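Subject: Structure handover

Hi,

Here is the structure I promised to pass on. Please open it and keep it beside this email as you read.

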Amino acid sequence: MMDLFYQSGYDVVHCDDEADVYVVNSCTVTSSGDKKARQALRRFKRANPDAVVALTGCFPQAFPDVDKQIPEADVITGSYNRAGIVSAVRRALETGERVIEITPHKKGESFEKMAVKKFSERTRAFVKIEDGCDRYCTYCIIPKARGPVRSKQMAELREELRDLAANGYKEVVLVGINLSSYGRDLENTRLIDAVRLACSVDGIERVRLGSLEPELLTGEDIQTLASLPKFCPQFHLSLQSGCDATLKRMNRHYDSAEYLRIVQDIRTAFDNPSITTDIMVGFPGETEEEFAQSLAFAERVGLAKAHVFPYSVREGTAAARMPQLGGEVKQQRAAEMARLTDRTRRAFLETQLGRTEEVLFETEQDGYYHGYTKNYTPVLVKSEEALCGQIKCVKIESIVEEKCLGKLL
Ligand code: SF4
């Protein structure tokens, strides 16, 4: 969207600067996302009452009657036809009238073309190749907010990757809402084909994947990925819970044994992979015993990192109608799970000590260059030589505040 505004002649400024137009791109995965979007809209309108303030993204798409609750929003559009934000804003600027355009998603809709050639980061580009989800996990509003599975055509992806390589990007991350379902609406195309394609583009030296639904990653896929030298072995396998009964109530499509088997397959196929995840605690009906099982499982997997969050009620989902746990219990469990995954993170970082890894450097501060290894371990190196945008071999020597410290070889 920023790119589209640029192309239409707008200057894009920081949100704390004064602007004629403010666009709040909302996330509705949790209720706190909705709250933050509301607060941002109000803050911008208060700071600049004459500006056009626009709300877009998943929040209005999932809850279209939001227009009545947020009179501050002069423009409201959803996640369908995201490119339409520019013309909606223009109309509001020209007419001074409120513009509300929330089109429901529909079966058979195609992937919206929105290629990005430049990102604010100069080394790593996020390439969205899939949108939508129809798995209907009982807690999740995303199928409503994002519509059916649809995929970027391979020819379009090839062109976008070549442009990114020409603009100097060395690493791409293929992302989607339900990335594992990539290609389901295309002929004879799967996620593995998109990875192969990305690895074949000259100039792109590293290829990563965004979050994956674990059971859609087959043993064969893992072997193929391991045969691609540019592929980065960082697997974000969405877990949500380590308790089988909870997983069932969540309508997840795997159990803990299957998850563990996939993790073991990855660890056998790759030399130094990392397994990261999302874990939800306090799901409706989660007993102390179920939570204890989830904790024990998270420990057993040996997670390199986890995003832990308390369950958040989303109106319109099946879980919203289940008996709920209190807020305090959810917060306590989130804190306990976070403490455990902090420990497993530390243990993972310790396994990196003494290793020699290739690091792609991204930023510099006070003479220290910061980058990531292929398995996404953050590494700091002191160097006189400018390293940003370069891949260098580093010996990892110590751990400082969640990062590894190393020296250039
Ligand atoms: S697979 Fe992910 S996006 Fe789809 S319904 Fe489940 S949690 Fe939501």
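This is a predicted model: local features need pLDDT of at least 70, side-chain atom pairs count only at pLDDT 80 or more; totals for chains, interfaces and linings use all residues.

Residues are numbered from 1 along each chain as its sequence is written, and side-chain values use heavy atoms, leaving out hydrogens and water.

Start with the ligand. The residues around it (a heavy atom within 4 Å) include Cys133, Cys137, Cys140 and Arg252.

Next, salt bridges. The rule is a side-chain nitrogen of Lys or Arg within 4 Å of a carboxyl oxygen of Asp or Glu. The count is 34. In one of them, Lys45 pairs with Asp74, with the closest N and O atoms 2.8 Å apart. Lys45 sits in helix H2 and Asp74 in a loop, so the pair ties together parts 29 residues apart in sequence. (Helices are DSSP runs of H or I, at least four residues, and strands are runs of E, at least two, numbered from the N terminus.) Both Lys45 and Asp74 are buried. Buried means under 20% relative accessible area, exposed over 50%, and partly exposed in between, with a 1.4 Å probe and protein chains only.

Glu286 and Arg333 also meet in a salt bridge, at 2.9 Å from N to O. They are 47 residues apart, and both are buried.

Last, the surface. Met2 lies in helix H1. Met2 counts as exposed because its relative accessibility is 52%.

Best wishes
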